[in-house]
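Hi,

Here's the structure I promised to pass on. Have a look, and my notes on its pockets follow below.

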Amino acid sequence: ERYRTIVEASPDNITVTDLRGRMLMFSPKARPMFGVENGEEYLGRPVTDFMVPEDRPRAASNIGRMLAGESLGAEPYTGLRVDGSTFDMEINGAFIRDEAGNPRRILFVVRDITARNRLIGKYRILFDQSPLGIGLFDFGTERFIDANPALQRMTGYGLDELRSMTYLDVTAPDEEDRSREFARKLAELGKLGPYGKLYRRKDGSLMPVSINAVRFTDYDDRPVVWGSIEDITERRAAERRVESLFAEKDLILKEVHHRLKNNF
C-alpha cells in the first residue's frame, strides 16, 4: 500500500515493463500525459509506442545497453499522445531485481519537460543575443561548460576551444592570484561583483572586463558558476580621456592664477 500510494501520488508517470520493454503497469499520471482514457488495452504493448517513430530505435538500443550493465541516467525523447500530438519527455530507467539480484522488470519514470524546455529556449535566446559575454563554468574543475557568442567574440576563442579551457586560461598571468581569491569569496558568499580584472585574448592582447558571478547547483547536482562579463575597454579609455581633460584644466587654471598673480 505504501508503494501504491507513492506510485499514484507521483507527479511523474511510473511505468513497469518486462525486460523486452512491454508494458505491465503504469501510474494514473500516464492517462493525461499520453491522452488515454483507460489504458488497459495498452498493456502488453511496447513502451516505445508512446514515443515518435524516429526515437524508437534509440530507446530499444538503450534497453539493450541497460541489460548489458550500462547506467544511462535521464534520456530525452519526444512523447507521442494517442491523438497524434507530441511533447518533450525525459525518461529514467532502472531494473526491478529478484532476491538473487537478477533483473526481472524495468521501472521507467517519465517526466513531461515541455514547459522546462520552453523556458530554457527563452533563456537560450537571451543567452545567444546578449551583448554581454556570458560564461558557465564548472566550479570544481574551473572549466568552461558554455559560452555565448559575445564572449567568444570578446576572447577570440571558439566554443570548443573554451570548453577545453579554464577561466584562468583567459586571465592575465599577473591576476591569477586575485582570481583565486575571488573564487574563494564566491564559494563563501554565493555571488560576487561587479569586480574588475584583465582577460587575455587568443591573440595575447589584454582586455579589461567587469564581472558579476553567481554560484548555484545545476540539474546534475553539479556546482557551477554563471558569469556575466562586460568588456570595459572603451569605458576605461573614456575615463582616461576625462582624467586627461581634468589634468589639462588644472594646468590651465594654475597658469591663469600664475599670470594673474604676476599682473597684481
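How do the residues of the lining of the second largest pocket divide into nonpolar, polar and charged? They come out as 13 nonpolar, 3 polar and 4 charged, where Ala, Val, Leu, Ile, Met, Phe, Trp, Tyr, Cys and Pro count as nonpolar, Asp, Glu, Lys and Arg as charged, and the others, Gly among them, as polar.

Before you dig in: this is a predicted model, with local features needing pLDDT of at least 70 and side-chain atom pairs pLDDT 80 or more, while totals for chains, interfaces and linings use all residues. Residues are numbered from 1 along each chain as its sequence is written, and side-chain values use heavy atoms, leaving out hydrogens and water.

A pocket here is an open set of points on a 1 Å grid over the protein atoms alone, where a 1.4 Å probe fits, with protein on both sides within 12 Å along at least five of seven lines; lining residues have an atom within 4 Å of a point. Volume is the space filled by probe spheres set on the points, which are joined across faces, edges and corners.

Back to that second largest pocket: it holds about 320 Å³, and Tyr167, Ala183, Leu186, Tyr195 and Val225 lie nearest its centre among 20 lining residues. Helix 7 gives the most to this lining, 5 residues (helices are DSSP runs of H or I, at least four residues; strands are E, at least two; both numbered from the N terminus).

The largest pocket has about 870 Å³. Its lining counts 21 residues, with Ile120, Leu136, Asp218, Tyr219 and Trp226 closest to the centre. By class that lining has 10 nonpolar, 2 polar and 9 charged residues, and helix 4 gives the most, with 7.

Cheers
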